[in-house]
Amino acid sequence: MRITSREKIFAQYSVSPDPSITHRALILGCIAKGKTYVINPCMNDESRAAISCIKKLGAKVKVKNGVVEIKPPKVLSSGGRIDCECSETVMRFLCGIAAGSGMRLELTGDRRLCQRSMRNVKEPLEAMGATVALKNYSVPPILVEGETVRPIDYFLPIGSSQVKSSILLCALTGKVRAIVKEGTRSRNHMEILLKEMGADITVDETNNSVDMKESEIKGKKLYVCGDFTEAVYYLAQGLLSGRVECKNVGVNPTRTRVLQLFKRMGAKIKITNRRMLCGEPIADIVAEKSDLKAILVTDEEAYSVFDELPALAVVMGMAGGESVIAEHKAIKELDADLFDEISEAMRSVGGKCRRFSSKDAAGIAITGVERYRGGNVKCGNSASVGMAAAIALTVSEEGGEIEDEYVVDAQYPKFFEALGANSFAYVCRRALLSDISETHAFLFVKSGLSNYSFGVKEIHGAKKISAEIKEFDGFEVCPEFAGEAAKKTIKYRGVAKTTKSPDAVKGSEGIATDGFALSAALKKAQIATDGARVLLLGSGVAAKNVAETLIGEKASVSVYDPEKSGVDLKKKINEQAYALGELSKDVKYDLIVNATNFGSGGKTGVSPIDDEIIANAGSVADFARTDGETELLKLAASHGIKTINGEELAFYKIYAAASLFSSVEPDVNAAPGLYDEYKRAEKSSE
């Protein structure tokens with residue numbers, strides 16, 4: 001899986017449905033009274049394993065149009081052997097159901113699952129009256145024989161949502177009371193779903209305990225919110241690069257501790273639009289590029305953010321100083337190789353990470369770098385490591401390859417799809433790098449585009465851009481690369497049909513944005529072009545597209561290039577334009593348009609024409625962008641002449657490109673209103 005790098009990434013993602021909630025909803029649907037509908041489920045390998053298992057227990061399951069319909073059996077099937085495939089979650093849950101239902105059930109799984117310790121469910125379930133036999137007293141296959149179930153008051157020194165849920169499922173099916181207390185708080189999705197389905201359950205958040213009395217649950221519609229863990233990986237991209245927004249994310253307090261760690265590092269994170277869905281709090285989360293500092297993460301904190309640890313490590317990799325993540329002994333039980341895999345992945349992308357281990361402490365130390373170099377990364381056995389590496393590569397200098405991406409697809413099947421969907425870039429050389437701001441994010445939303453990513457792609461040396469842009473759905477280019485953009489264009493729109501000089505391309509369709517930008521700006525300034533005498537400065541790509549637009553609007557266009565007076569301008573620009581070898585100070589122009597690089601780059605503070613010519617103009621528009629006004633606009637303003645600056649013209653250029661990317665027609669009448677709205681929003685945020 002090739003990951004292309006960019007700078008200053010602005011993105012919006014709708015994350016995948018939460019797998020933890022999905023798996024619990026599927027299991028509860030099998031033992032509820034009446035039909036259960038799981039709406040917007042996460043259909044990963046574990047979900048498919050859960051569906052296969054509950055079918056073997058006798059449930060009837062239909063999956064259609066993003067809904068799983070579950071009709072529970074009258075009596076659960078007993079005495080069989082069930083393959084839980086890759087899912088520890090499903091195995092532990094089925095242990096609880098079998099123990100409480102008085103069933104005899106043998107549970108097995110794939111090679112990796114049969115190496116995982118299941119001793120943590122053996123003790124509480126046997127305390128409730130069941131027999132749980134493990135291979136070597138530790139690992140699957142598991143034989144569960146249920147008996148008459150006893151109530152339980154159980155303490156988990158290290159919180160475990162799966163063990164807690166197994167106890168609650170045993171009590172639910174055995175119709176007894178269960179009290180579970182935890183030393184550290186674990187996820188509470190099972191408790192929320194049980195309450196939604198009618199269980200008599202009370203949660204004491206202060207003491208990390210749950211009390212469920214004898215209950216019966218009823219099937220209902222269960223909606224699954226966006227997965228917080230997946231969102232964290234996208235948010236890491238925003239913290240390191242530009243701005244990322246994740247929509248409709250579950251923000252259950254038992255899941256969001258990693259945000260506290262990010263904020264301790266100095267991260268800019270905002271949670272907005274809070275609401276509830278099926279008992280779960282959801283919201284939109286925004287992360288912006290931040291000046292990050294190193295922190296120490298204790299072993300208890302590391303355990304509480306186990307699923308997000310690789311994302312946390314990648315963010316630490318570009319923070320100032322040396323960060324340390326201590327390894328909790330429970331992490332080694334969950335995934336003995338995780339810290340080694342994080343360290344290897346960090347080094348593979350050009351980060352500085354070292355593993356340490358002694359009799360007193362273990363963990364990883366991460367020294368921040370200015371930017372990751374990029375490279376090829378192996379996922380190992382961890383989907384979260386592969387996701388973190390992919391994020392690191394998007395913000396790296398060179399990008400790279402993710403090997404064994406199927407590991408990520410198995411757990412997060414939509415991750416790479418979302419990371420690459422509606423992916424756009426502005427392609428340029430560093431010397432010509434424009435200031436990419438939130439303008440794109442604002443206009444993408446206004447154009448109806450959602451779930452997108454946009455960033456700068458810099459080209460160094462004499463490299464062609466073809467290899468750099470093939471991974472993107474669309475791109476904008478600086479004038480230097482218009483010819484390369486034309487090579488990717490089959491269908492031209494607007495003036496690009498004539499000039500063959502597109503600067504925005506989506507798929508094989510290309511447009512030129514300069515002429516549209518000028519038309520929109522003139523519309524806002526109430527400057528007419530029909531019959532107007534225009535002096536166009538420049539003979540490059542932008543000038544060619546502007547000339548074509550102005551001539552189409554019945555203006556009289558004279559072209560002068562202060563650097564290329566010997567060039568055949570009429571042939572280069574348009575046969576209907578007037579080519580000027582020199583400028584007369586006696587001619588008055590209704591409009592002067594600068595499409596040269598005078599005023600920016602190495603020519604900041606220099607006007608392309610004399611003040612005497614400017615003084616006779618009706619208005620002046622300058623495409624050059626610089627801090628403050630260009631020298632040309634300063635001179636025009638000194639004579640009381642109406643001006644249009646490069647910032648406004650750049651906004652309209654981006655608007656035209658965003659319209660192409662979202663497959664809508666740009667509206668020259670609507671564009672000025674959007675610019676005013678954007679400036680108001682920009683001012684209010686200061």
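**Figure 1. Lys 74 lies in the loop between β5 (67-71) and β6 (81-83).** The view is taken from a predicted model. Lys 74 has a relative accessible area of 90% and is therefore exposed. Together with Lys 60, Lys 62, Lys 64 and Lys 71, Lys 74 forms a patch of positive charge on the surface. Strand β4 (residues 60-64) supplies the largest share of this positive patch, namely 3 residues.

**Figure 2. Phe 442 and Phe 651 form a tilted aromatic pair.** A pair of aromatic rings is described by two values, the distance of the centres and the angle of the planes. For Phe 442 and Phe 651, the distance is 6.4 Å centre to centre, and the angle between the planes is 45°. Phe 442 belongs to helix α16 (residues 439-446) and Phe 651 to helix α25 (residues 646-661). The pair links distant parts of the chain, 209 residues apart. Both Phe 442 and Phe 651 are buried. By the rule applied here, the count of aromatic pairs comes to 15.

**Figure 3. Phe 442 also forms a tilted pair with Tyr 678.** The ring centres of Phe 442 and Tyr 678 are 5.2 Å apart, and their planes stand at 55°. Phe 442 lies in helix α16 and Tyr 678 in helix α26 (residues 671-684), so this pair ties together parts that are 236 residues apart in sequence. Buried means under 20% relative accessible area. Phe 442 counts as buried because its relative accessibility is 16%, and Tyr 678 counts as buried because its relative accessibility is 10%.

**Figure 4. Five aromatic residues, Phe 424, Phe 444, Tyr 452, Phe 454 and Phe 661, form one cluster.** One of the members of this aromatic cluster is Tyr 452.

**Figure 5. The peptide bond from Pro 140 to Pro 141 is cis.** Most peptide bonds are trans, and most residues other than glycine have a negative phi. The bond from Pro 140 to Pro 141 has an omega near 5°. Pro 141 is placed in strand β9 (residues 139-145). Tyr 137 lies in the loop between β8 (131-135) and β9. The phi of Tyr 137 is near 60°, a positive value in a residue other than glycine.

**Figure 6. Asn 208 has a positive phi although it is not a glycine.** The phi of Asn 208 is about 50°. Asn 208 is found in the loop between β12 (201-204) and β13 (209-212). With a relative accessibility of 18%, Asn 208 counts as buried.

Key:
Residues are numbered from 1 along each chain as its sequence is written. This is a predicted model: local features need pLDDT of at least 70, side-chain atom pairs count only at pLDDT 80 or more; totals for chains, interfaces and linings use all residues. Side-chain values use heavy atoms; hydrogens and water are left out. Patches are made of residues with over 30% relative accessible area and no salt bridge: like charges are joined within 9 Å, nonpolar side chains (Val, Leu, Ile, Met, Phe, Trp, Tyr) within 5 Å. Accessible areas come from the Shrake-Rupley method with a 1.4 Å probe; for residues, only the protein chains shown count as cover. A salt bridge is a side-chain nitrogen of Lys or Arg within 4 Å of a carboxyl oxygen of Asp or Glu. Lys and Arg count as positive and Asp and Glu as negative; His and the chain ends are not counted. The place of a charge is taken as NZ of Lys, CZ of Arg, CG of Asp or CD of Glu. Helices (H or I, at least four residues) and strands (E, at least two) are DSSP runs, numbered from the N terminus. Buried means under 20% relative accessible area, exposed over 50%, partly exposed in between (1.4 Å probe, protein chains only). Rings of Phe, Tyr and Trp (its six-membered ring) pair if their centres lie within 6.5 Å; planes under 30 degrees apart count as stacked, over 60 as edge-to-face and the rest as tilted.
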